[in-house]
Structures are given as structure tokens and as C-alpha cells.
Amino acid sequence: MTGKLIGLMLLAVPLLKAAEPVGLLSLVSGDVQLIRAGESAPVAARTADLIGPGDRLLTGANSEATFLFCPESRSAKLKAQGEVQFDAASLTLKKGSLAEERKVPTCRLPASLVLAAASRMRAGNLRLRGTAFVLRAPANTVVTTLTPEFRWDPVENATSYEIKLEDREERVLWKAEVPATRITYPADAAPLAWGQRYRWRVTAKANGEAIEDAGTNFQVMPSDQAEKIRSAVAELEKQRIADPSDNGVLFLQAFLYEDNGMLDEAVRAYSDMAQRMGPQEWVQSRINDLMGKLGWDRLESGRPQ
């Protein structure tokens, strides 16, 4: 019995790996269908659908679909009456033609992102126990700058906020009191260091008396990694400006942020996608998962819930 069980477990490994996505549909228009690997019946494709190895994409008359294919860091549009098959390392055009093909600066899907049945996706709002005072940024995340902007939610009846930043040895590097709910780390404060972790705390006050308090931490990315991220983000911004309708840029930004531990930025990018394209199970699942890691019980004001 034990031998059979081990054999089944070994057989399951490649099946699990086969479920890892290789790309996604960034825009779908008209009659577009997906035939999943191992299936024969097509299903209607939607914007933000994940693509797995072995999946086939088909477009009908007057229809088209734009996709990201990460093994080749590539974006392209499948024109009408076309068919393309996606494999683990390459894609094959079986019918029709591709247009608007281009390389993208980064297309690495987060390791935690896997294809799953819709029944296993738990969409909806995330609610956590704890203080209602939420520190927004940078909270439990990584930053690419030595002068980050600190943001937090307003506290009812608060007239001012005291912010304090400490290093790993709990030495106070900077302290300030402000009436607003955001402030940028000043250039004349004690300099932060690349690759180091810091803790910050905000105390909400009403007429000088403390009424609420919350703390969190963040890490400054190593300088060489930070430079690569900033360069990739700048290139993606150029593509977004060149074509504001290209959803692929939003996906790539979210993946880039999440893969590099910039969780608050990833949540905002995923939230922008949800607002722009409507509900998608895996997008909401990513938002909920990242919010849990950030310690947020809700999105920032003005963001979709």
C-alpha cells in the first residue's frame, strides 16, 4: 500500500507542474474560445483568463484576443479566425495570423500564481480582526527608494499624527508630527541604507492626546535590484502611455511588484485591473491573499472592495 501511495505521489508532481500558467489573456473582443489542455470542449474566453501549457486559443469572425506569453517575454494579438497553442516553452500558430507582436521588459509570473478550479477560488472581501487603524505604505513590504512615502488611513477625531521610524536596533532615526495622513521621508533625516529593514509607528492624537496607535515594518531593496525594478517599471510606463488600452501593462506591473515583494504596490495594480475589467476570480483571490500578508482589512479609500 505504501509503495502504491508513493507512486501516486510521484505521478502527481508533473501534473501539478503542468498546472502552472504560462501567460494570460490581456484583452478579449468578440467570439473567443479557450480549449484547456486535456479537454475537447471549448469555453468562452474572458479578459484576464490564465493560460496553461497545452491550452489552445481560438478566435471567431470579427474577433481577436491579445495575450501575454511569459516563457518568451512576449505580447501579441491573435486576429480573427485564428488558433494558437501554448506550450511550456513556446507557442504554435495553427491558423490565422498574429499582430502587434512585441517583447515586454518583464513577464515573470509570481510563483504563488497557479491555475485552479473556480470552485477553489474564494472571491469576495477579506476581513481581519484587529485595529481599525491601518498603515498603508510601506507596510510589510519592500521599497526601491531611500525616501519612501508613508501613508495611513485617517482616524476619526484625530487632529494630528506622530510618526516615528526606527532601525533594527530600535534606534529612532526620525520623528515628526503632521496633520495629514501622508508624509515623505525627508532628505535631511538620518539616511536609510539599501538592503536594510526598518520599523515605523504612527500615533493618532486628538488635541495632543493619543487615541490610536499602529506599527509596521518595511525593507529597502538592495540597490542593484532596485535599479532593475525601476528600469522595468519605467519601460512599462512608456508602453502604457503609448497604448492606454493595453491591459497587459497592468498585469505585468502587478506580477513585477508581487514577485519582488512589493506587496502594497501589487495590491494597487491588481485593484486597478479589477476596476477596469470587472470581476475575475483569480484577480480577487490575489488581492485577498496579499491583503492578508499586508495586514489590511480593506482596500484604500476609493479602491474597489
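Predicted model: local features only at pLDDT ≥ 70, side-chain atom pairs only at ≥ 80, totals over all residues.
## Surface and overall build

Residues are numbered from 1 along each chain as its sequence is written, and side-chain values use heavy atoms, leaving out hydrogens and water.

Inside the protein you will find five helices and 18 strands (DSSP runs of H or I with at least four residues, and of E with at least two, numbered from the N terminus). Of the 305 residues, 45% are buried, meaning under 20% relative accessible area with a 1.4 Å probe.

## Aromatic rings

Now for the rings: the structure holds 15 aromatic pairs (ring centres of Phe, Tyr or the six-membered ring of Trp within 6.5 Å). Trp174 and Tyr185 form an edge-to-face pair, because their planes stand at 75 degrees, with the centres 5.1 Å apart; edge-to-face means planes over 60 degrees apart. Trp174 sits in strand E15 (residues 172–178), while Tyr185 lies in the loop between strand E16 (182–184) and strand E17 (197–206). Both Trp174 and Tyr185 are buried.

Ring pairs also join these two into a cluster with Phe150, Trp152, Tyr161, Tyr198, Trp200 and Phe218.

## A charge over a ring

Finally, look for Arg136, which lies over the face of Trp296, 4.6 Å from the ring centre. For Arg, this requires CZ within 6 Å of the ring centre and within 35 degrees of the ring normal.

Methods. Buried < 20%, exposed > 50% of the residue type's maximum accessible area, 1.4 Å probe, protein only. Phe/Tyr/Trp six-rings, centres within 6.5 Å; stacked < 30°, edge-to-face > 60°.
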